[in-house]
Amino acid sequence: MVTNVLGAYSIGHHVNAINPRADMAPFNANMAFTPSIRQSDISRPGNVRVEAGWLFKGGDKGSELDASCERSESANEDILMFFFQLDLATRVQYALNVEQYEIAQQLRNKLTEVESEVNKLQENRRGSASKSEVQDMAISLLRLRADLQIAIQSENYNLAAELRDEISKLEAESLAVSVKAQAYENVQYAFRLGQKVKHKIFGYRAVICGMDPVCFESKSWMETANIEKLARGPDQPFYQVLVDVHEDPNLLVAYVPEENLLPPDQQDMDRFDHPYISFLFYGADAAGDLIPIKPLREKYNQPRHELPHDPQNEEDGKDV
């Protein structure tokens with residue numbers, strides 16, 4: 001269960017929201033392993049609790065549309081849950097390194113529980129759009145049509161009418177799922193993980209840290225953000241972006257449609273500050289963009305970005 005309150009995630013301990021790694025004691029093979037996750041928290045089933053909240057609070061500006069309309073608590077939770085998984089996996093490995101096998105097994109069980117919860121949250125947020133769900137619906141339709149044929153042959157017309165209604169409803173749902181599944185497969189993203197961007201309307205600098213083929217936010221969020229007024233509507237890629245705290249300290253994480261983002265006019269080598277940078281990215285590349293960690297690339301099935309070869313830079317290096 002995800003709880004939205006001010007703070008960071010916890011499972012028997014809290015993480016420093018400004019520097020998530022600050023609470024992790026340095027690993028030392030000569031010291032006893034004392035995980036900050038309590039034994040009671042590990043062994044108690046269903047005791048997974050995430051507390052995700054905003055580090056900064058700004059005043060409301062009434063009904064005036066501003067950058068806060070694209071602020072996304074669900075995107076913030078998604079990022080913190082991702083860090084939660086990374087943290088648990090690191091603790092499992094450390095327990096194995098110091099031969100605390102019982103602790104490692106308990107942590108591994110907790111990690112499995114968290115991963116299962118994350119999958120459920122993603123399914124609820126993203127809805128039905130996978131190939132398997134499309135296939136399951138097709139199988140269900142075949143069975144219903146077979147049952148309908150049997151009902152007609154046995155002259156059970158009341159049952160046949162009910163089956164027809166159920167088939168019509170499932171066909172409509174199947175069509176919607178198929179369209180969304182196709183959007184998953186055929187989506188072309190204009191931006192990549194770690195790329196620095198600028199908001200077309202509000203002007204702030206940001207970094208891409210997640211992407212969806214279509215808008216996965218709630219209807220109430222879409223109404224607040226005026227998504228229906230976008231030229232491309234909700235059926236375009238949406239991006240989770242980290243907003244530079246010096247640009248807008250009240251925003252932190254936003255969920256932005258592709259049409260509202262622009263690449264920088266030139267290479268952005270300026271400093272970029274955000275509390276989540278340290279656990280999502282390795283650092284910056286030669287073009288000033290950030291380098292996503294491998295688990296983040298795997299989460300979104302994105303390839304590693306390689307800078308194009310520049311012979312001029314190579315010649316300049318020889319001169320130096």
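These questions and answers walk through one predicted model.

Residues are numbered from 1 along each chain as its sequence is written. Because the model is predicted, local features need pLDDT of at least 70 and side-chain atom pairs count only at pLDDT 80 or more, while totals for chains, interfaces and linings use all residues; side-chain values use heavy atoms, with hydrogens and water left out.

User: What percentage of the 320 residues is buried?

Analyst: Start with the cut-offs. Buried means under 20% relative accessible area, exposed means over 50%, and partly exposed is in between (1.4 Å probe, protein chains only). Of the 320 residues in the chain, the buried part is 41%.

User: Among contacts between residues at least 6 apart in sequence, what percentage joins residues at least 24 apart?

Analyst: A contact means heavy atoms within 4.5 Å. Take the contacts between residues at least 6 apart in sequence; those that join residues at least 24 apart come to 70%.

User: Is Leu-296 buried or exposed?

Analyst: Leu-296 sits in helix α8, residues 294-299. Leaving out residues up to four places away in sequence, it touches Phe-82, Leu-193, Cys-209, Leu-280 and Phe-281. Its relative accessible area is 1%, so Leu-296 is buried.

User: How far apart in space are Leu-296 and Cys-209, C-alpha to C-alpha?

Analyst: Cys-209 is one of the residues that Leu-296 touches. In sequence the two are 87 residues apart. In space, C-alpha to C-alpha, the distance is 8.1 Å.

User: Which salt-bridge partner does Asp-87 have?

Analyst: A salt bridge is a side-chain nitrogen of Lys or Arg within 4 Å of a carboxyl oxygen of Asp or Glu. The closest N and O atoms are 3.1 Å apart, and the partner is Arg-91.

User: Which residues are linked with Arg-205 in a network of salt bridges?

Analyst: Arg-205 bridges to Asp-268, with the closest N and O atoms 2.9 Å apart. That pair links distant parts of the chain, 63 residues apart: Asp-268 is in the loop between β7 (261-262) and α7 (277-280), and Arg-205 is in strand β4 (residues 205-212). Asp-268 is buried at 13% relative accessible area, and Arg-205 counts as buried at 15%. The residues linked with Arg-205 in the network are Asp-244 and Asp-268.

User: What is the N to O distance in the salt bridge of Lys-294 and Glu-298?

Analyst: Both residues lie in helix α8, 4 residues apart, about one turn of the helix. Lys-294 is partly exposed because its relative accessible area is 47%, and Glu-298 is exposed at 52%. Their side chains meet with an N to O distance of 4.0 Å.

User: Where is Glu-155, the residue with a positive phi of about 60°?

Analyst: Most residues other than glycine have a negative phi. Glu-155 is not a glycine, yet its phi is positive. Its relative accessible area is 56%, so Glu-155 is exposed. Its place is the loop between α4 (131-153) and α5.

User: What is the phi of Asn-226?

Analyst: Asn-226 lies in the loop between α6 (219-224) and β5 (238-243). It is partly exposed, with a relative accessible area of 22%. Its phi is positive, though the residue is not a glycine, and the value is near 55°.

User: Is Asn-260 buried or exposed?

Analyst: Asn-260 is in the loop between β6 (253-257) and β7. Not counting residues up to four places away in sequence, its contacts include Glu-70, His-199 and Leu-230. Its relative accessibility is 6%, so Asn-260 counts as buried.

Key
Helices (H or I, at least four residues) and strands (E, at least two) are DSSP runs, numbered from the N terminus.
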